Amino acid sequence: MKLIYYIIPLLAIFVTTVACSSNLSAAFRKTISIEGVTFPSSGYHVKWKETDTHKFKIMVDDGRLLRKWKFKKRTKDTLKTGKSYINTIGMNFVWVPAGDFVMGRNGNSSEGPAHRVKIQKGFWIARTEVTQKHWQSLMGSNPARFRQALHPVEQINWDECQQFCKKLTHKEKICYQLPTEAQWEYACRAGKQSSSFFNISYTNAWHGGNTNGKTRPVGLSEPNAWGIYDMLGNVWEWCLDDYHSSFKGAPADGSAWINSKKRFKVRRGGCWRNAPFECNITTRAYYGPDKKYDSLGFRPVIVGKVAP
């Protein structure tokens with residue numbers, strides 16, 4: 001029994017020594033490994049890690065894992081839709097193939113009923129919103145409030161977007177227009193069939209929680225599966241259609257829903273002012289075609305002549 005009185009203090013000394021040794025070695029290490037990624041042992045760092053199927057964005061502060069984002073890697077099947085066309089003013093367009101999808105969602109009167117739409121022909125859609133640089137080069141002016149060349153152009157009304165498309169059509173002999181509401185949602189979904197809210201994260205939408213009260217440069221957020229950026233958040237985007245209070249009677253072929261008696265035009269996607277939940281695939285709103293706001297822009301589509 002007396003032997004125990006000697007063993008216990010010795011064990012306590014051993015454990016303390018090991019712990020101190022471990023702490024000292026950690027303090028003097030120049031690097032650490034978190035989630036299989038090597039970081040400096042002190043300071044704030046963000047790095048990427050890739051596997052065969054996913055890539056991860058990892059945020060670390062003084063050796064502590066703060067946050068990790070997980071993205072599914074685009075496969076050859078999804079990348080086949082990502083063929084590009086760059087026009088004469090530097091706008092990058094991505095090919096969107098024909099197909100069908102469920103548009104809208106049930107449970108919200110203005111966003112439903114959910115209904116199947118067949119996009120009869122593929123089309124090109126701008127990979128980002130029209131930037132101030134694009135607008136300036138074609139129209140010779142910059143109406144935006146937030147003056148930065150690579151930020152989306154804003155404070156342009158629906159009629160001015162039509163003028164932009166008409167002028168670009170005349171310049172390039174290719175048909176540019178605003179997307180129909182069905183084209184916009186089809187391109188935004190990029191194969192996502194669910195009619196529920198889109199899963200918003202800080203990497204794929206600029207909203208009121210991460211923009212510091214202004215627009216952001218285009219193309220910095222995570223693109224969707226078809227390589228299209230900023231369809232959710234940053235600025236609302238004009239569509240070709242007149243606004244209807246529901247999808248009852250909407251075209252099933254993806255064409256524009258036009259009614260000469262309607263006074264409002266559709267806008268989609270949410271903006272830098274909105275809460276995250278408002279920047280989702282099915283959110284719909286409207287303005288009169290003459291309205292201009294610092295949260296309202298657009299992206300055109302090409303229909304016709306250019307072949308992928």
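Predicted model: local features only at pLDDT ≥ 70, side-chain atom pairs only at ≥ 80, totals over all residues.

Reader: Why is Glu 111 called buried?

Author: Glu 111 has a relative accessible area of 6%, and buried means under 20%, so Glu 111 is called buried. Glu 111 is found in the loop between strand S8 (99-103) and strand S9 (115-119).

Reader: What makes the pairing of Glu 111 with the side chain of Thr 282 a polar contact?

Author: The side chains of Glu 111 and Thr 282 approach to 2.8 Å, and the cut-off for a pair of N or O atoms is 3.5 Å, so the pair qualifies as a polar contact. Leaving aside neighbours within four places in sequence, the residues in contact with Glu 111 include Phe 247, Thr 283 and Arg 284.

Reader: Which residues have the most contacts inside the largest nonpolar core?

Author: They are Met 91, Phe 164, Trp 238 and Phe 298, in a core of 30 residues. Strand S7 (92-96) and helix H4 (158-172) are among the elements that each supply at least two residues of this core, and the largest share, five residues, comes from H4. A second, separate core of 27 residues includes Ile 119, Trp 184, Trp 226 and Val 266.

Reader: How do the residues lining the second largest pocket divide into nonpolar, polar and charged?

Author: The lining has three nonpolar, six polar and two charged residues.

How values were computed. Residues numbered from 1 in each chain as written. Heavy atoms only, no water. Helix = DSSP H or I, 4+ residues; strand = E, 2+ residues; numbered from the N terminus. Buried < 20%, exposed > 50% of the residue type's maximum accessible area, 1.4 Å probe, protein only. Polar contact = N/O pair within 3.5 Å; in protein donor to acceptor, adjacent residues only side chain to side chain. Contact = heavy atoms within 4.5 Å. Nonpolar A, V, L, I, M, F, W, Y, C, P; charged D, E, K, R; others polar. Core = buried A, V, L, I, M, F, W, Y, C linked by side-chain atoms within 4.5 Å.
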